[in-house]
Amino acid sequence: MHEGPFSGKHILITGGAGFIGSNLAIRLISEGAIVSIVDSMIPEFGGNLKNLEPIRDQCELHVADIRDEHSINYHIAGKDFIFNLAGQTSHMDSMRNPFADLDINCRAQLSLLEACRRSNPKATVLFASTRQMYGKPDFLPVPETHPIRPVDVNGINKMAGEAYHTLYQAVYGIPTCCIRLTNTIGPRMRIRDTRQTFLGIWIRRLLEGDPFEVWGGDQIRDFTYVDDAVNAMMLAASNPVSYGQVFNLGGPPPIRLRDLAELLVETNGAGSYKIIEFPADRKPIDIGDYQADDTKIRNALSWSHKTTLREALRQTLDYYRERLSFYK
Ligand SMILES: NC(=O)c1ccc[n+]([C@@H]2O[C@H](COP(=O)([O-])OP(=O)(O)OC[C@H]3O[C@@H](n4cnc5c(N)ncnc54)[C@H](O)[C@@H]3O)[C@@H](O)[C@H]2O)c1
């Protein structure tokens with residue numbers, strides 16, 4: 001018998017067939033929640049049925065687009081919690097096709113909140129925000145109070161999406177919370193290409209036996225293991241202390257990319273990489289070094305990361321070693 005805050009609760013996960021959403025769905029179902037997923041399953045985006053394999057008979061998957069207001073109205077009805085994770089995640093795609101990014105990461109977010117205001121204002125809404133909105137940090141680690149200066153269209157639209165969530169809590173009392181994620185890694189992450197994170201393509205190349213490319217190599221980045229991110233989202237959604245708040249999320253100490261490449265090869269037990277110059281077309285939207293200051297969430301919700309970077313890489317490599325063909 002489950003007795004946690006999600007047991008028997010009706011939960012909607014937008015983007016639930018993607019990387020973080022599917023890990024969240026699996027965990028919520030294990031805690032006795034009744035989970036519905038809305039995912040557009042557009043091929044170039046992150047949805048993958050393989051992600052939902054362990055829970056295919058235990059959740060409802062609705063292939064629907066959050067840009068469709070009628071559909072969102074229908075799917076939010078009767079939900080106790082909405083984990084709002086659907087998003088266009090590629091920074092380069094947001095520059096090539098800014099209006100698609102605007103519609104998904106900005107307009108559709110407002111539609112979802114309007115639907116909540118009109119017909120389900122008691123549902124708790126957890127929004128997956130991003131550290132991208134800080135742009136190139138002035139200093140490290142970066143607290144929530146650091147200036148917001150997005151360097152790409154995606155960062156601007158996610159910033160607006162986040163601000164709508166905070167506004168709808170302040171004005172209409174809808175219980176919302178936003179978590180600014182840094183690089184999240186783990187089983188079910190996208191490894192097909194660099195649309196989610198550069199680490200995905202590193203893992204793919206490594207498991208295919210090819211050298212992977214490290215661009216630059218001196219950049220500092222931090223990583224959150226997906227189970228730790230899922231824990232943070234569940235803690236935030238279930239504790240009224242977080243309503244109206246924005247939290248950074250980090251993890252183990254940050255690492256230079258050239259050291260991360262070494263650690264990945266070492267964890268895999270084989271493989272190689274080459275360091276090349278950072279591509280000129282990506283330079284203008286690169287954020288350089290980043291490390292989250294996540295003291296706020298650690299203090300407010302007693303969240304802490306449980307997984308070391310080495311263990312996170314090991315779990316991820318183990319997952320893909322068995323299932324590479326489903327993710328290429
Ligand atoms: N993974 C990270 O490192 C990271 C970092 C910062 C923020 N985030 C945010 O977390 C959320 C989840 O990211 P993820 O890494 O799981 O990415 P993902 O691409 O694996 O998952 C996003 C899901 O949203 C779905 N989707 C996209 N547009 C949709 C639409 N219009 N309607 C319905 N579904 C749609 C996709 O099909 C996909 O399954 C995103 O909002 C992303 O911006 C992720």
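Colleague: Is S40 buried or exposed?

Modeller: Quick caveat: this is a predicted model, where local features need pLDDT of at least 70, side-chain atom pairs count only at pLDDT 80 or more, and totals for chains, interfaces and linings use all residues. Residues are numbered from 1 along each chain as its sequence is written. A residue is buried if 20 or more other C-beta atoms, placed from the backbone, lie within 10 Å of its own, exposed if 12 or fewer, and partly exposed in between. S40 has 21 other C-beta atoms within 10 Å, so S40 is buried.

Colleague: Where does S40 lie, and which residues is S40 in contact with, leaving aside neighbours within four places in sequence?

Modeller: S40 lies in the loop between β2 and β3 (60–63); strands here are DSSP runs of E, at least two residues, and helices are runs of H or I, at least four, numbered from the N terminus. Contact means C-beta atoms, placed from the backbone, within 7 Å. With those neighbours set aside, the partners of S40 are F45, G47, V63, A64 and D65.

Colleague: Which element gives the most to the shell around the ligand?

Modeller: The ligand is surrounded by 32 residues, and the closest are G15, G18, G46, G47 and G87; near means a C-beta atom, placed from the backbone, within 6 Å. Two or more residues come from each of α1 (19–30), β2 (34–39), β5 (124–130) and β7 (183–185). The top contributor, with three residues, is α1.

Colleague: How do the axes of α4 and α5 run, roughly parallel or roughly antiparallel?

Modeller: The axes of α4 (residues 98–119) and α5 (residues 153–172) come within 8 Å and cross at roughly 10°. Axes are lines fitted to C-alpha atoms, for helices over the stretch in contact, with angles from 0 to 180 degrees between N-to-C directions. Under 35 degrees counts as roughly parallel, over 145 as roughly antiparallel, 65 to 115 as roughly perpendicular and the rest as oblique. α4 and α5 are therefore roughly parallel.

Colleague: What is the radius of gyration of the protein?

Modeller: The protein has 10 helices and 13 strands. Taken over C-alpha atoms, the radius is compared with the globule rule, 2.2 Å times the number of residues to the power 0.38. That rule gives 20 Å for 328 residues, so the protein is as compact as a globular protein of that length, with a radius of gyration of 19 Å.

Colleague: How much of the protein do buried residues make up?

Modeller: The C-alpha atoms fill a box of roughly 55 × 45 × 40 Å along the principal axes. Of the 328 residues, the buried share is 48%.

Technical notes:
Two residues are in contact if their C-beta atoms, placed from the backbone, lie within 7 Å.
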